[in-house]
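Subject: Structure handover, charged residues

Dear colleague,

Here is the structure for your files. My notes on its charged side chains follow below.

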Amino acid sequence: MSTATGPARVSAVSAVAATEPLAPRTTAGKVSDLHRRIDAALHAGSADGVERQRAKGRGTARERIDALLDPGSFVELDALARHSTAPGAPAPHPMGDGVVTGTGTIDGRPVAVFSQDATVFGGTLGEVHGDKIVKLMDLAAKVGCPVVGINDGGGARIQEGVGTLGRYGEIFCRNVRCSGVVPQISLIMGACAGGAVYSPALTDFTVMVDRTSHMFITGPEVIRTVTGEEVDFETLGGGRPHNTRSGVAHYLASDEDDALSYVKDLLSYLPSNNLSLPPVFSAAQPASGSIDDGLTATDLELDAIVPDSSNQAYDMCEVITRVLDDGEFLEVQRLFAPNIVVGFGRVGGHSVGVVANQPTHLAGCLDINASEKAARFVRTCDAFNVPILTFVDVPGFLPGVDQEWDGIIRRGAKLIYAYAEAIVPKITVITRKAYGGAYGAMGSKHLGADVNLAWPTAQIAVTGAPGAVGILYRKELSGLKGDELEARRAQLVREYEDRATPYAAADRGYVDAVIPPSHTRAQVGRALRLLATKRAEDPLRRHGNIPL
């Protein structure tokens, strides 16, 4: 193989050398040169770029890292990695290449973090930029610590060509390899466009900031050119549409401090990796004797929380906060599919993932979005050793032509699959309605739940009373009219509801106990302690085939 020599070789060497001052000869000079390089890395962005960030209500890459991590804990990696100085690479060649990477701690626990710097090449991803992120993710996988990515960039750096696409592929590959191994959290704190959106989409949680962050595959200009649609950045890919409509994001922060605070709280409920358990916090333990001896005023409030009328709604969050330690509940995807509630809390100091139907929205029915939201959350909890606590008040799957045509069968099956697949401790509490296939889908004993409890207000049946009466007594009711018909139908509905008690299910072992609502906190705590040593193994296979 020949080696380039002559004028062309000299020219290339000279071009690179021209970008670097001559190396100092003395030790003092070399130390001074090191400080110069570090200072260049710390101030890689332009002053004008920093001012533009400030004007948009955004922080700088390093400010965000400092606000996220414990003070003084950040150890930067590849600070002196530099934008390519290869022949033909466009100048300038800033240190860091538009991303800050390193490790630190949050509440004393190690995390790996990268933060894109919008003041350098607009935060776009180039080859060195991508290599730094890949290296950080490989390190996180080796040591078993969470990865937090702060995204604020314009996507692929067009000037560097196909090499940038390769780096995106390398990052996506790491996202997949780390999935279910270490928690991955994405913060969108500016633009996240084009192929760049797929890395956050592959992570466990995505947090956006209202009015200052945007995610989209194609921007307004491209959409206008291709389809003729007129849309602005906020309407197309702002934090609000991705939290309320698309379900891409899991939290809508009011500002950057709120976003960073949410991530800290989120990590407090999760283990560092799939081989460890979530952190345990001190909490008052229920009395070891009679449950009645340890009841609090908050517990007793549960005895009156379900309305006498089965058609009257109540807020399931009022149930959840009365069962969790100190009433603290960190909700996930609060603005998306509000007919189901998911989030994290603690019982007896131990993390639990909560899934609950919400009667105040669509009567707590399961629809397409609710099924996918809950299924994703159940699988996240199962991946990271977080027990699942389910509260059930579900009248069924939402009926409708649109639901059927858009795939409620396939997408509802995802929730069934997620519960059946999960091997972490699973505790289910039926508070009121548990009808039909939705009863089975919501963490039933038949899908492998370990402890199933029911309140005396529970109604477990194939279908709701009005529907059942219409089928069972169709012939009788067809011969009645007017007030007589309505009176007879109301009577039959009451009689059906009186028979749809939890005791028929208890007779068959489908629920393990029927308990007063006020005993729920203590019973859940006891179940968690019992299940702390649960052992379960999946059958030998490459992986299942979830109905995606």
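Arg167 counts as buried, because its relative accessibility is 19% and buried means under 20% relative accessible area, exposed over 50% and partly exposed in between (1.4 Å probe, protein chains only). Arg167 sits in helix 6 (residues 162-178); helices (H or I, at least four residues) and strands (E, at least two) are DSSP runs, numbered from the N terminus. Leaving aside residues up to four places away in sequence, Arg167 touches Leu125, Gly126, Glu127, Gly130 and Asp131, where contact means heavy atoms within 4.5 Å.

This is a predicted model, in which local features need pLDDT of at least 70 and side-chain atom pairs count only at pLDDT 80 or more, while totals for chains, interfaces and linings use all residues. Residues are numbered from 1 along each chain as its sequence is written, and side-chain values use heavy atoms, with hydrogens and water left out.

Salt bridges

Side chains of opposite charge can pair when their charged atoms come close. With a salt bridge taken as a side-chain nitrogen of Lys or Arg within 4 Å of a carboxyl oxygen of Asp or Glu, the count comes to 27 salt bridges.

- Glu160 and Arg157 form a salt bridge at 2.7 Å, N to O. Glu160 is buried, with a relative accessible area of 16%, and Arg157 is buried at 3%.
- Arg322 and Glu318 form a salt bridge at 2.6 Å, N to O. The two are four residues apart in helix 13 (residues 316-323), so about one helical turn separates them. Arg322 is buried at 19% relative accessible area, whereas Glu318 is partly exposed at 35%.
- Arg432 pairs with Asp393, their closest N and O atoms being 3.0 Å apart.

Surface charge

Which residues gather in a patch of negative charge on the surface? They are Asp107, Asp265, Asp326 and Glu328. Patches are made of residues with over 30% relative accessible area and no salt bridge, like charges being joined within 9 Å and nonpolar side chains (Val, Leu, Ile, Met, Phe, Trp, Tyr) within 5 Å. Asp265 lies in helix 11 (residues 256-268) and is partly exposed, with a relative accessible area of 37%.

Regards

Conventions
Accessible areas come from the Shrake-Rupley method with a 1.4 Å probe; for residues, only the protein chains shown count as cover. Lys and Arg count as positive and Asp and Glu as negative; His and the chain ends are not counted. The place of a charge is taken as NZ of Lys, CZ of Arg, CG of Asp or CD of Glu.
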